[in-house]
Amino acid sequence: MAVPKLKRAERDKFILEAVILEAVKAPRGTRDVLGDETWKWAYVSEICRNVADDYGYREVHLPIFEHTELFARGVGDTTDIVEKEMYTFTDKGGRSITLRPELTASMVRSYIENEMNKGPQPAKLWGIGPMFRYERPQKGRYRQFVQMDMEALGAQDPLVDLEVIDFSMEIYRRLGLSNLQVVLNSVGCPKCRPVYRKALQEYLKSRYDDLCDTCKSRYDRNPLRILDCKSPICKEITENAPAVMEHLCPECAEHFDRLMRGLDKIGAKVVLDKRLVRGLDYYTKTAYEILSGDLGSQNAVCGGGRYDNLAEAIGGPHVPGVGFASGIERVILTMEAQGCSFGRKPENKVYVVAAEPSARLDAMALMRTLRMNRISADMDYMGRSMKSQMKNAASTALYACILGTSEIEKGVVTFKDLSAKTQEELTPEQIINKLK
Ligand code: AMP
């Protein structure tokens, strides 16, 4: 913000006010999810949890921050995430700490640290929580966002890749999503990728000068990323570039073939995309994304794949793994765009109305009885008139329970159905039986 020319005292006041103003705004790229939305989140998490249970994955809670080294090594220091997007700071003990930009590296770290190799294999883990990336915010892209992540660690079999893809599709099926496309590729392994890398560099050499600046810098360090550059000129240059698929070693080709047969067996429709390399260095063999036709440019609701060398990259033993992460904000945006159901919106069933101020304590006691019987209830705490309590009741609840001196004397409540506009005198027990 430009600070205008002012006298010192005025200037200090101006800066202070600006700081205070900033402090009452959520930081760029973050957002408050409030009560009119959180119930949708609870619904989506519940479905994720149900699918995880059905597929035999157990939930884990991992730290929101880790040693920076974990991501530098695991995600790869030539990736956008590590180069530009991490929230890294030095803690009071002088350690370099990073707010997690993704969960896979932490899952693998946890597998190694907790010696999960001694338990049943593959270890099947899932988790949900906030991730942090310093990206340019736009619709569907935030600096703090929530991912549901699942990983199967310790198995090589392509049937596990199939389970992972199927798991993600099953979540979206249960959420009622349509208009999704599963795109798939194989990015090879350290045996075949160097050969492909060379072939790609050879192909791009004559057009090097035309590449965008970012891709020029990728040419030596990470040429595969040039394939998924969004710039029209780079897209045109790579249009007929050789595909990784044509350079797979026999092991990767066999893996891919068995996965394709599995997908065919379960009737999953996938589209092969030779440009799909994913932003993260650790992928080997399978890479996939699920794209929504109802989002703008940020259209991936899910991304995942196999990463057989990640554990070694972070200094552990060889642990093959495969998994995916799905962005919950984008899932909800797609569900909203498609008019999917989020289950039942929580609402107050009953509003307890005190006809006179002297009835407020009895109203409170009745409300408590209802709540203890799991009937959601609320009342006025602002000393409002009976008329305005009734207005509140009509806008926030399905029924009103009115208590005044005469009701209290008789031990009854005036029970009003606010939509049918009918009313009757009932005892609290009768109300509970009626509403339960
Ligand atoms: P990635 O970890 O980059 O493979 O991303 C996996 C999924 O997380 C994506 O398909 C998105 O659904 C979601 N995602 C990634 N980055 C963001 C972001 N900045 N904002 C919101 N969702 C994101």
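Which residue forms a salt bridge with Glu 424? Select Glu 424 and look for Lys 434. The closest N and O atoms of the two are 3.2 Å apart. Keep in mind that this is a predicted model.

**Stop 1: the Glu 424 pair**

Color the two elements involved. Glu 424 sits in strand S16, residues 422–426, and Lys 434 in helix H16, residues 428–435. The pair links distant parts of the chain, ten residues apart. Glu 424 is partly exposed, because its relative accessible area is 35%.

**Stop 2: a salt-bridge network**

Now select Asp 161, Lys 191, Glu 251, Lys 285, Arg 306 and Asp 308. Salt bridges with shared partners join these residues into one network. Zoom in on Lys 285 and Glu 251, whose side chains meet at 2.9 Å, N to O. Glu 251 is partly exposed, at 41%.

**Stop 3: another charged pair**

Go to Arg 95 and Asp 91. Their side chains form a salt bridge of 2.9 Å, N to O. Arg 95 has a relative accessible area of 43% and is partly exposed. Asp 91 is partly exposed too, at 22% relative accessibility. Side chains of opposite charge can pair when their charged atoms come close. In total, the structure holds 34 salt bridges.

**Stop 4: the five-stranded sheet**

Return to S16 and show the sheet around it. This open sheet has five strands in the order S13-S12-S14-S15-S16, with mixed pairing. S13 (377–379) and S16 stand at the edges with a single partner strand each, so one side of each has no neighbour in the sheet. On average, neighbouring strands are turned by 25 degrees against each other, direction ignored.

Next, pick S14 (residues 397–403) and S15 (residues 413–417). They run antiparallel and are joined by four bridges.

**Stop 5**

Show helix H13, residues 360–372. H13 packs on the sheet and touches S12 (348–354), S13, S14 and S15. The direction of H13 makes about 165 degrees with that of S13.

Finish with a surface view. Which residues make the nonpolar patch of about 480 Å²? Select Leu 361, Met 364, Tyr 381 and Met 382. Met 364 lies in H13. Its relative accessibility is 32%, so Met 364 counts as partly exposed.

How values were computed
Residues numbered from 1 in each chain as written. Predicted model: local features only at pLDDT ≥ 70, side-chain atom pairs only at ≥ 80, totals over all residues. Heavy atoms only, no water. Patch = residues over 30% accessible without salt bridge, like charges linked within 9 Å, V, L, I, M, F, W, Y side chains within 5 Å. Areas by Shrake-Rupley, 256 points an atom, 1.4 Å probe, with all protein chains shown as cover. Salt bridge = Lys/Arg side-chain N within 4 Å of Asp/Glu carboxyl O. Helix = DSSP H or I, 4+ residues; strand = E, 2+ residues; numbered from the N terminus. Buried < 20%, exposed > 50% of the residue type's maximum accessible area, 1.4 Å probe, protein only. Pairing = 2+ DSSP bridges. Axes fitted to C-alpha atoms, helices over the stretch in contact; angles between N-to-C directions. Contact = heavy atoms within 4.5 Å.
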